Amino acid sequence: MDSIKWPYEWRENIIRSEARELPKADQAYYQSMEADYDYDTKRQELKTLSQDINTRLGKTDPLAKILLATTDQYLQVLELVKFRGSKEFGTFSKRLYGSTHDHLSGDYRNLWEIGKNLGAVFSHPAAAHLSFQHKKDLNAQQSVEYLTNKLNNYFAAGDFKVVLSDGIVSDAAAGGDAIKLNAKAVFSERELRVLEVHEGWVHVGTTLNGRNQPWASWLSIGSPRIAAHQEGLAVLIETLTFSSFPSRARRISDRVNAIYLAESGADFREVYLALMSQGQSEIEAYSITQRIFRGAPLTGGAPFTKDLSYVRGFVEIVNFIRSAIQLGLPELLPMLFIGKVHIDDIAPLYQAYLDGIILPPKNLPDMFKDLNGLYVWFGFSSGVAMMDIERVKAHFIASLSDLPDACPIEMSPQK
């Protein structure tokens, strides 16, 4: 991600000019960003690692298959970085993170259709009714202290850190055992609650759980193949803890729609203005557009598709949990937290756990420690999902349609 980041200062110029003045984020710009490794040396190291896996474990070993898939992914990451700023970048991005035209595991709909439907749900009048602004009154240093205090209740002291950073473009990011907060950012308590469970419980938590493994410490490293299920798990935890909010969920679905536009040939400005026309603020429209054009040509057609991970991962994680419950295998669910995993890895990793090769997760949310509540929640949701919501909604229209718009006093925005 460091090899495709944009300077924070570019945002002001793009917003001020309504994206008429775009930065020279071309091949020359990206090639000027020196990597801390040699391309040819790293490529050979990965090939040698692949050969070692074959020699020691064999191609048919279940854990070897995971390791070989991960090694192959990093070889493709090298190609992705090599072709920054060119159309080939988009080709490798699709191989690693997919396309909006991809179908979800076991489903007939593609990602663009799912994203479009979610965008409609989170654009309902009810979403706007609830999405009042929560006051951003905590500066970066105060936010560091707030998050540290909250996460001290989840992690053992000294296992993690929350730090200020001038080197990230987003407001926050997780890296290894740390959550980095942009030193220029200001946060609300609601936003920090999201960071606590998303970046803390999931991203930092699975890193630490992977590092805690006696042999499979590679579970602490996240290749692109696990990005969707790592992000999907984080979004699910936001939902189960009631930390998320409609405008955040809409941003996630809007990323899918923005990638679809860029894949269809829309350039940076066209995507940026499309998001503005759909009600996103200037800053949010820039943030989404920048995320899918970093590393990619600004002329469109070859976007960075990593942000498909949130919607793809959420749907597939939910479907995995529902399937595991209905198949009578709820004990598989804590395995989602043993490290950075793909859902297809769960079965062989669970067998390795039974064989004593892999340890259970040390850091685990309460609802995954005691699965009773989770079982009931997903059991009811599966049953309700079979109902015809349009017929149900029609039943209530007569009694609810004449009510005036109102917001309960306890939910009203602070004046």
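Mentor: Here it is, and please keep in mind that this is a predicted model. We can begin with Glu284, which is partly exposed, with a relative accessible area of 23%.

Trainee: Which residue does Glu284 form a salt bridge with?

Mentor: Glu284 pairs with Arg251, and the closest N and O atoms of the two are 3.4 Å apart. This pair links distant parts of the chain, since Arg251 sits in helix α11 and Glu284 in helix α13 (residues 282-293), 33 residues apart.

Trainee: And is Arg251 buried or exposed?

Mentor: Arg251 is buried, its relative accessible area being 16%, and that value falls under the 20% cut-off for the term.

Trainee: What about Glu238, which residue does it bridge to?

Mentor: Glu238 forms a salt bridge with Arg248, with 2.7 Å between the closest N and O atoms. Here too distant parts of the chain are linked, with Glu238 in helix α10 (residues 227-240) and Arg248 in helix α11 (residues 246-263), 10 residues apart. Both Glu238 and Arg248 are buried.

Trainee: Which residues are linked with Asp177 in a network?

Mentor: Lys161 and Arg211 are linked with Asp177 in a network of salt bridges.

Trainee: How many salt bridges does the structure hold?

Mentor: The structure holds 19 salt bridges.

Key: Residues numbered from 1 in each chain as written. Predicted model: local features only at pLDDT ≥ 70, side-chain atom pairs only at ≥ 80, totals over all residues. Heavy atoms only, no water. Salt bridge = Lys/Arg side-chain N within 4 Å of Asp/Glu carboxyl O. Helix = DSSP H or I, 4+ residues; strand = E, 2+ residues; numbered from the N terminus. Buried < 20%, exposed > 50% of the residue type's maximum accessible area, 1.4 Å probe, protein only.
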